[in-house]
Amino acid sequence: MSQSVLWEVVKGNNAFLVKRNGLTLSTDPFNNTGVQTYSSTGFITKNAIGVVPTQSKVNQINNVNLVARKSTKFQQVDRKTKNTQSVYASTLSVKHGIHTASRVIRKRFGTRRLGLQKAALRKLVKLNRANSVRRRNEIAATKAQKK
């Protein structure tokens, strides 16, 4: 099914839609802007990538995961095995730093969809800054407890 037909079906009502105070927002893991629009909705596009914070370790160096949409080959395999996963995605944990994650984002989008590439890189930088501030606060708190 084409993306425009899917958008017409899901733009008014889907599981990721949040309407508050006259704003229409999205909690889609592949949507890096948070706004419910055709261009930024990731679950209907073929090559979507999302930047999400991890939920596991508190003292982890990089608290960022990249969620990449799998190709249709994987979706057909999952349908044959009757797997009921709602999102066909693979999670790439960032182990070697933010520069590696930005390289993966640039390669994934290529020269197409530069606006979405910039939005993903912006979200990656914001999460990295928030993580560094959190780590600084934790270090300051441990130093204060030792004194």
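## Contacts around Gln36

Two residues are said to be in contact when heavy atoms of each lie within 4.5 Å. By that rule, and not counting residues up to four places away in sequence, Gln36 touches Trp7, Val10, Lys11, Asn14, Leu17, Thr24, Leu25, Ser26 and Thr41. Gln36 lies in the loop between β2 (23–26) and β3, where helices (H or I, at least four residues) and strands (E, at least two) are DSSP runs numbered from the N terminus. Its relative accessibility is 9%, so Gln36 counts as buried; buried means under 20% relative accessible area, exposed over 50%, and partly exposed in between, with a 1.4 Å probe and protein chains only.

This is a predicted model, in which local features need pLDDT of at least 70 and side-chain atom pairs count only at pLDDT 80 or more, while totals for chains, interfaces and linings use all residues. Residues are numbered from 1 along each chain as its sequence is written, and side-chain values use heavy atoms, with hydrogens and water left out.

## Overall build

The secondary structure comes to four helices and five strands, and, read along the sequence, these follow the pattern α-β-β-β-β-α-β-α-α. Of the 147 residues of the protein, 33% count as buried. Among the contacts with a separation of 6 or more, 48% are between residues 24 or more positions apart. The accessible surface, found by the Shrake-Rupley method with a 1.4 Å probe and, for residues, with only the protein chains shown counting as cover, comes to about 10,200 Å², of which 56% belongs to carbon and sulfur atoms.

## The nonpolar core

A nonpolar core is a set of buried Ala, Val, Leu, Ile, Met, Phe, Trp, Tyr and Cys residues joined through side-chain atoms within 4.5 Å. The largest one has 13 residues, of which Ile49, Val51, Leu66, Ile105, Phe109, Ala120 and Leu124 touch the most other members. At least two residues of this core come from each of β3 (49–53), β4 (64–69), α3 (98–109) and α4 (114–146). Leaving aside its neighbours within four places in sequence, Ala120 is in contact with Asn32, Val51, Ile105 and Phe109.

## Two aromatic pairs

The structure holds two aromatic pairs, meaning rings of Phe, Tyr and Trp (its six-membered ring) whose centres lie within 6.5 Å, with planes under 30 degrees apart counted as stacked, over 60 as edge-to-face and the rest as tilted. Trp7 and Tyr38 form an edge-to-face pair, 6.1 Å centre to centre with 65° between the planes. This pair links distant parts of the chain, since Trp7 is in helix α1 and Tyr38 is in the loop between β2 and β3, 31 residues apart. Trp7, at 11% relative accessibility, counts as buried, whereas Tyr38, at 39%, counts as partly exposed.

The rings of Phe16 and Phe43 have their centres 5.3 Å apart and their planes at 50°, so this pair is tilted. It also links distant parts of the chain: Phe16 is in the loop between α1 and β1 (17–20), and Phe43 is in the loop between β2 and β3, 27 residues apart.

## Exposed positions

Gly115 is found in helix α4 and, at 54% relative accessibility, counts as exposed. Gly115 and Ser39 are 76 residues apart in sequence, yet 9.0 Å apart in space, C-alpha to C-alpha.

Val9 has its place in helix α1 (residues 3–10) and counts as exposed at 59% relative accessibility.
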